[in-house]
Amino acid sequence: MVSYAILSRPGNRERNEDSVLMYERGSSSVFALADGLGGHGKGDVASDSVTRQAIETFKKVGDEENYLEHAFQSAQERLLQQKKDLGIMADMKSTMVLLHVTKETAQWAHIGDSRLYYFQDFHIVKRTGDHSVPQMLVYNGEISEQEIRNHVDRNKVLRVMGVPWEGASYEVSEMLTVSEGQAFLMCTDGFWELILEKEMEKTLKQSKSVAQWLAKMEQIVLKRGAGRDMDNYSAICVYID
């Protein structure tokens, strides 16, 4: 059984350019989260476009083994076509994270610096690697993992949707067998930049429901973001019960 909680807030910005969606069919669920890029360049349109297309693709192909690949490819094609129709060449881009959960398996895919964290028994097992300049610096041993959050180039994203790709720019995880005690957190950078991984684990352990876990984490995000120009922030929490 899958339970979940979702939030998406504008922060201190006039417009929320994040998009969060979920869709259930039978014992399968798809969760989609995206962060539009481009300021006034229709970032909100871009994020809405890719998440909606990811859900529409699931409605068509269901639990096909390559659903995630189909979803990213079709969402990319749709966004590029929208940009062409609107005459927008530079802006109107987006990150995206998808999580596909069936009765037996879980799998995810991502592009950009929106993240997915996978927890088992209250501890982080894996997280997606950002497609960003600071993440590359971590891989090269030039900065630590924690330094990503305050790095001067933290907003420089290297791979996104809405620009032509050379091959598949998104990454797909291995298939995971679902079991009790698993949890997932999908979030945009406006969320994860203001909460540490140890705090994600602590609040997960302290919470009696998925909604309470998300609420506890949002309290930390808001407290740490007080007095700052807070970005849009969005998150999806998923429990395997």
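K156 counts as partly exposed, at 49% relative accessibility. In this predicted model, K156 forms a salt bridge with D153, and the closest N and O atoms of the two are 3.3 Å apart. Side chains of opposite charge can pair when their charged atoms come close. A search of the whole structure finds 14 salt bridges, and a search for aromatic pairs finds 11.

**Salt bridges**

- The side chains of D231 and R13 meet in a salt bridge, with an N to O distance of 3.4 Å. This pair links distant parts of the chain, 218 residues apart: D231 is in the loop between α6 and β12 (233-240), and R13 is in the loop between β1 (2-9) and β2 (18-25).
- D231 is partly exposed, with a relative accessible area of 25%, and R13 also counts as partly exposed, at 34%.
- K59 and E56 form a salt bridge in which the closest N and O atoms are 3.4 Å apart. Both residues lie in helix α1 (residues 43-61), three residues apart, which is about one turn of the helix.
- K59 is partly exposed because its relative accessible area, 36%, falls between the limits of 20% and 50%. E56 is likewise partly exposed, at 34% relative accessibility.
- R115, R127, D130, E145, R149 and E197 are linked in a network of salt bridges.

**The sheet and the helices across it**

- Five strands form an open sheet in the order β1-β12-β11-β7-β8, with antiparallel pairing. Strands β1 and β8 (123-127) are the edge strands, each pairing on one side only. From one strand to the next, the twist averages 20 degrees.
- Strands β7 (residues 115-120) and β11 (residues 182-187) run antiparallel and are joined by six bridges. The bridge partner of L116 in β11 is M186.
- Helix α5 lies across β7, β8, β11 and β12 and runs at about 50 degrees to β7.
- Helix α6 lies across β1, β7, β11 and β12 and runs at about 150 degrees to β12.

**Aromatic rings**

- Among the 11 aromatic pairs found in the whole structure, F72 and Y170 are stacked, because their ring centres are 4.9 Å apart and their planes are at 25 degrees. F72 is in helix α2 (residues 67-86) and Y170 is in the loop between α3 (133-139) and β9 (171-172), so that the pair links parts of the chain 98 residues apart.
- F72 is buried, with a relative accessible area of 0%, and Y170 counts as buried at 9%.
- The rings of Y118 and F184 are also stacked, with centres 5.4 Å apart and planes at 20 degrees. Y118 belongs to strand β7 and F184 to strand β11, 66 residues apart. Both Y118 and F184 are buried.
- Y117, F119, W213 and Y239 form one aromatic cluster.

- S207 is placed in the loop between α5 (197-206) and α6 (210-225).
- S207 counts as buried because its relative accessibility, 12%, is under the limit of 20%.
- A polar atom of the S207 side chain lies 2.6 Å from the backbone oxygen of T203.
- Leaving aside residues up to four places away in sequence, S207 touches Q212, W213, K216 and Y239. Of these, W213 and Y239 belong to the aromatic cluster described above.

Technical notes
Residues are numbered from 1 along each chain as its sequence is written. This is a predicted model: local features need pLDDT of at least 70, side-chain atom pairs count only at pLDDT 80 or more; totals for chains, interfaces and linings use all residues. Side-chain values use heavy atoms; hydrogens and water are left out. Helices (H or I, at least four residues) and strands (E, at least two) are DSSP runs, numbered from the N terminus. Buried means under 20% relative accessible area, exposed over 50%, partly exposed in between (1.4 Å probe, protein chains only). A polar contact is a pair of N or O atoms within 3.5 Å; within protein, one must be able to donate a hydrogen and the other to accept it, and residues adjacent in sequence count only if both atoms are side-chain atoms. Contact means heavy atoms within 4.5 Å. A salt bridge is a side-chain nitrogen of Lys or Arg within 4 Å of a carboxyl oxygen of Asp or Glu. Two strands pair if DSSP finds at least two bridges between them. Axes are lines fitted to C-alpha atoms, for helices over the stretch in contact, and angles run from 0 to 180 degrees between N-to-C directions. Rings of Phe, Tyr and Trp (its six-membered ring) pair if their centres lie within 6.5 Å; planes under 30 degrees apart count as stacked, over 60 as edge-to-face and the rest as tilted.
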